[in-house]
Amino acid sequence: MKIWLSSWWNKFSFVGLFFAVLFFAASVTPSLLPRHYLVQGILSGMSLAVGYGFGVLVVGLYRFLALPEPQAKTQRISKIVSSALVAIVTVTALWQMTAWQNSIRTLMEMPPHETAYPMRVIGIALIVGIVLLVLGRLFITANIIAARVAEKFAPRRIALFLSFSFVSICVLLLTNDLIAAMLLRSADNFFAELDQITEEGIQPPSDFDSTEGEESYIDWDSIGRQGKLFLTQRPTQQEIEDFHNKVAKRPIRVYVGMRSRSTMEERAELALKELKRVGGFQRSVLIVATPTGTGWLDPSAVDTVEYMHRGDTAIVSMQYSYLPSWITLLVEPQHSIDSATALFDEIYSYWKTLPRDSRPRLYVHGLSLGALGAEGSADVYTIFEDPIQGAVFSGTPFPSVRWQQLVRTRNEGSPIWLPKFRDSRLVRFTSQKNALEPEKAWGPLRVAYIQYASDPMVWFSPELAWRQPDWLIGKRGPDVSPQLRWYPIVTFLQAAYDMPMATSVPLGFGHNYSPSSYIDAWNAVTTPNDWTEEMSQRLKDVFNNRATPKP
């Protein structure tokens, strides 16, 4: 064992260690969100391992091309210089780590850290890094063994290529088809069980306008945890009347859970049937809302629009997953699009048969993965045939093709985090500060995107590994640290680690969208009757003073 460990130690690459330390130093610089020392340690450990692997790859490629080896004296000098450089960079990074984290926390109105615990970060990073390096060494050892076998019937370079291909395919099959599949099944089972838990005190409403009343077509027990919260925790008629000091209606909400029917099409048909039963098509405003991966609908989004229209609204939604959005986004993003399309098609097909002067105004809405689904639910032919009235999307995730096209073709001079599209008559973007330009005229269809510059669900991209993103070029968003710099590979890892933590920041930052943003967006898109700026501010105060639950 001792000889085996000594052999491994002697084979460590100085170039690999050089890049490992540089990657580690870069990993503790700011990203989009502040990080706990545990998360930072895991991220830094992975960065360390990736940096080492990158260095080994560079050396391996150099030798594979049979390029001349540097002289011994040159190697000694380069090691001394690079060691000094790495030491300076590492000490500086650890010294600045707390200030870098606080540069984000200050922008997000979070109390500053006295320390980012650099020694804990180093300890965790070393453990994670060593484990990953051991796994990498095992991979190389497997390649060597396979190459020795392949050299018996093929030239050396071809044998190396064949062995690398064979071992890589085996590792991919092992990780994707066994380990990843097992973890995904475990996660799905865990969140499916969580979805069946009913919060304490949650009882099915008995009034006619609820979807779970005695005459409902939907079985209460088939509705998931988030759906039950959505149906029972709506604003009351009295609360809305108190705000307006006028007569109001009780908002209508319809929700179909994953267990309500076996297929998306059947769930969509059930949603339409229930919406008709409760009188949703007799309301002034009808919203087809696509939830997040867990089935959650943000109260900041749905409650506010119900207040603004004095309860004369109906919101219909349908669950398509149990998993959190960031997991669903990586493994099955098409589910949200398919589900949203099935529901929208069902609702729209009936809505367009109603008399135009008496049917409700129709809108679509989605947050996060729900925005991805809702955005793709209505095709261009629908818009031309019998257009809906608009949409409000928030935190649209990076795979969205339509969102990408809009920001890519934005008007010259407008930043990607707050783009302007053509004459702004069809699509407008806003952030923490209202940028929807209420004084400018809209067209017949109004689409508003809410996006924060610090939201990793929006700005993550595989291209971060090799290209500087547009959101770090020119003027930055107000919630992005001025000390954030782009580093190849490392910034990609930082943003990837930010995604699961996207809602861990205060309201109004990251992927945690504030009621104020929704109020501005709904006001611009749906134009409530007799609504004033004073009422907008008063409603913002109401919601800012209450805690909004997270998914």
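These legends describe close-up views of one predicted model. Local features need pLDDT of at least 70, side-chain atom pairs count only at pLDDT 80 or more, and totals for chains, interfaces and linings use all residues. Residues are numbered from 1 along each chain as its sequence is written, and side-chain values use heavy atoms, with hydrogens and water left out.

View A. Ile 130 belongs to helix 5 (residues 118-150). Helices (H or I, at least four residues) and strands (E, at least two) are DSSP runs, numbered from the N terminus. Patch residues have over 30% relative accessible area and no salt bridge; like charges are joined within 9 Å, nonpolar side chains (Val, Leu, Ile, Met, Phe, Trp, Tyr) within 5 Å. Areas come from the Shrake-Rupley method with a 1.4 Å probe, and for residues only the protein chains shown count as cover.

**View B. Negative charge gathers on the surface at Glu 265, Glu 266, Glu 269 and Asp 338.** Helix 9 (residues 264-277) gives the most, with 3 residues. Glu 266 is found in this helix. Asp and Glu count as negative, Lys and Arg as positive; His and the chain ends are not counted. Each charge is placed at NZ of Lys, CZ of Arg, CG of Asp or CD of Glu.

**View C. Asp 312 and Lys 249 form a salt bridge.** Their closest N and O atoms are 3.4 Å apart. Asp 312 lies in the loop between helix 10 (299-308) and strand 3 (313-318), and Lys 249 in the loop between helix 8 (237-244) and strand 1 (252-256), so the pair ties together parts 63 residues apart in sequence. A salt bridge is a side-chain nitrogen of Lys or Arg within 4 Å of a carboxyl oxygen of Asp or Glu.
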